[in-house]
Amino acid sequence: MSNEETYSVSSSPVLPLHDRLIVLFSGVSQTAPLHALGPKLYDYYLLHLVEAGKGTFQTEHALYELGPGDAFLIHPGQLVSYVSDAEEPWRYRWVAFKGQEAEGLVKAAGMLPDTPVVFNPGSHRPARYIRLIQECFSRKQDQAHIAASGYFQLLWAELMTHTRRHVLPSAAETQIQRTVKQMITVMTSQYAHPVSIEQMCASLGYNRAYLSRIFKKETGLPPVTYLLKLRMDRAKRLLRERPDLSVEQVSASVGLPDSLYFSRQFKRFCGMSPTAYRRENSG
């Protein structure tokens, strides 16, 4: 094996100052027997994925024995050490990242300081995505960080697919809350389109009567009313902030192409017509 194959690392040629998620560098290493790192601290997240061989990962909370396919995450500010096996030293790939969204991604995957390991996701894709990140950086193109961020999101989605299979709701209420949250996410992101409550229910695998019941229990409103209120709130903002838009254009922008229906619903929710609301809230 050449030196390049034994150890190599590539850093992002551009470090965006304001990115909410920054992929810093990526690498690969075929370690020597009993090769050790730490105990030490890092000031960024550092994800390792074992491609071959074995080793141990020691955190402030536990000691893990790891092998091919396993992944471990080093958290910033956590004292860690890791050592390759004496007889089957491991080969691993790694990627470092930070940013405002990093902690949220880590929590979503359940890879917390006391649960930093994913045992064999059963897919070769995570290692492939880390390799592609390194290849992007090695080309040193200005847009490499954009491609690397895309591969990183795919990598994280793959890890979450595995970890989520092992996260069971603690109670039926938890699943209900998740379902309602999914419905709200769909409405919030697609209110400007002809959102169909029936289609949304079908995509979630429940009948409309059941989802309407649990939705109203959680939010106090039926799904149809919640969606209409969401549209009216957005319409009020457009009427205030965009005086150049006609009532018809505002109506279409919130997913209600029938401006007469829109005006009736607006008056129902707001107690006045769209024109009157704009007049009272202009300037």
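How many aromatic pairs does the count come to? In this predicted model, the count comes to 19 aromatic pairs. One of these joins F57 and Y82, whose ring centres are 6.3 Å apart; with the ring planes at 70°, the pair is edge-to-face. This pair links distant parts of the chain, since F57 belongs to strand β5 and Y82 to strand β8, 25 residues apart. Both F57 and Y82 are buried. A further pair is formed by F97 and W156, with ring centres 5.5 Å apart and planes at 65°, so this pair is also edge-to-face. Here too distant parts of the chain are linked, F97 being in strand β9 and W156 in helix α4, 59 residues apart. F97 counts as buried at 0% relative accessibility, and W156 is buried with a relative accessible area of 0%. One aromatic cluster is formed by Y7, F57, Y64, F72, Y82, W90, Y92 and W94.

The strand that carries Y82 was examined next. Strand β8 (residues 80–84) is mostly covered, four of its five residues being buried. Strand β3 (residues 36–40) pairs with β8 in the antiparallel sense over three bridges, and within this pairing Y82 in β8 is the bridge partner of L37. Strand β5 (residues 55–58) likewise pairs with β8 in the antiparallel sense, over four bridges. In β8, S81 stands opposite Q58.

Six strands form an open sheet in the order β1-β2-β9-β4-β7-β10, with antiparallel pairing. Its edge strands are β1 (7–11) and β10 (117–118), each of which pairs on one side only. Strands β4 (residues 45–52) and β9 (residues 91–98) pair in the antiparallel sense over seven bridges. In β9, R91 stands opposite A52. Helix α3 (residues 125–138) packs on the sheet and touches β1, β2 (22–30), β4 and β9. The direction of helix α3 makes about 110° with that of β2.

The largest nonpolar core has 28 residues, and those with the most contacts inside this core are L47, F97, M111, F152 and W156. Two or more residues are given to this core by each of β4, β7 (71–74), β9, α2 (102–109), α3 and α4. Helix α3 gives the most, with seven residues. With residues up to four places away in sequence not counted, L47 touches A71, F72, L73, R93, W94, V95, F97, M111, L155, W156 and L159. A second, separate core has 26 residues and includes V180, C201, L227 and V247.

Helix α4 (residues 144–164) also holds Q153. Q153 is partly exposed, with a relative accessible area of 35%. Beyond its neighbours within four places in sequence, Q153 is in contact with L21 and L105. Q153 and L21 are 132 residues apart along the chain, and their C-alpha atoms are separated by 9.8 Å.

In one of them, the side chains of R93 and E51 meet at 2.9 Å, N to O. R93 counts as buried at 9% relative accessibility, whereas E51 counts as partly exposed at 29%. A salt bridge is also formed by E198 and R208, the closest N and O atoms being 2.2 Å apart. That pair links distant parts of the chain, with E198 in helix α6 (residues 197–204) and R208 in helix α7 (residues 208–219), ten residues apart. E198 counts as partly exposed at 46% relative accessibility, and R208 is partly exposed with a relative accessible area of 33%.

Within helix α8 (residues 223–241), D233 and K236 are three residues apart and are therefore separated by about one helical turn. D233 forms a salt bridge with K236, with 3.8 Å between the closest N and O atoms. D233 is partly exposed, with a relative accessible area of 33%, and K236 is partly exposed at 23%. Salt bridges that share partners join E51, R91 and R93 into one network.

Notes
Residues are numbered from 1 along each chain as its sequence is written. This is a predicted model: local features need pLDDT of at least 70, side-chain atom pairs count only at pLDDT 80 or more; totals for chains, interfaces and linings use all residues. Side-chain values use heavy atoms; hydrogens and water are left out. Buried means under 20% relative accessible area, exposed over 50%, partly exposed in between (1.4 Å probe, protein chains only). Contact means heavy atoms within 4.5 Å. Two strands pair if DSSP finds at least two bridges between them. Axes are lines fitted to C-alpha atoms, for helices over the stretch in contact, and angles run from 0 to 180 degrees between N-to-C directions. A nonpolar core is a set of buried Ala, Val, Leu, Ile, Met, Phe, Trp, Tyr and Cys residues joined through side-chain atoms within 4.5 Å. Rings of Phe, Tyr and Trp (its six-membered ring) pair if their centres lie within 6.5 Å; planes under 30 degrees apart count as stacked, over 60 as edge-to-face and the rest as tilted. A salt bridge is a side-chain nitrogen of Lys or Arg within 4 Å of a carboxyl oxygen of Asp or Glu.
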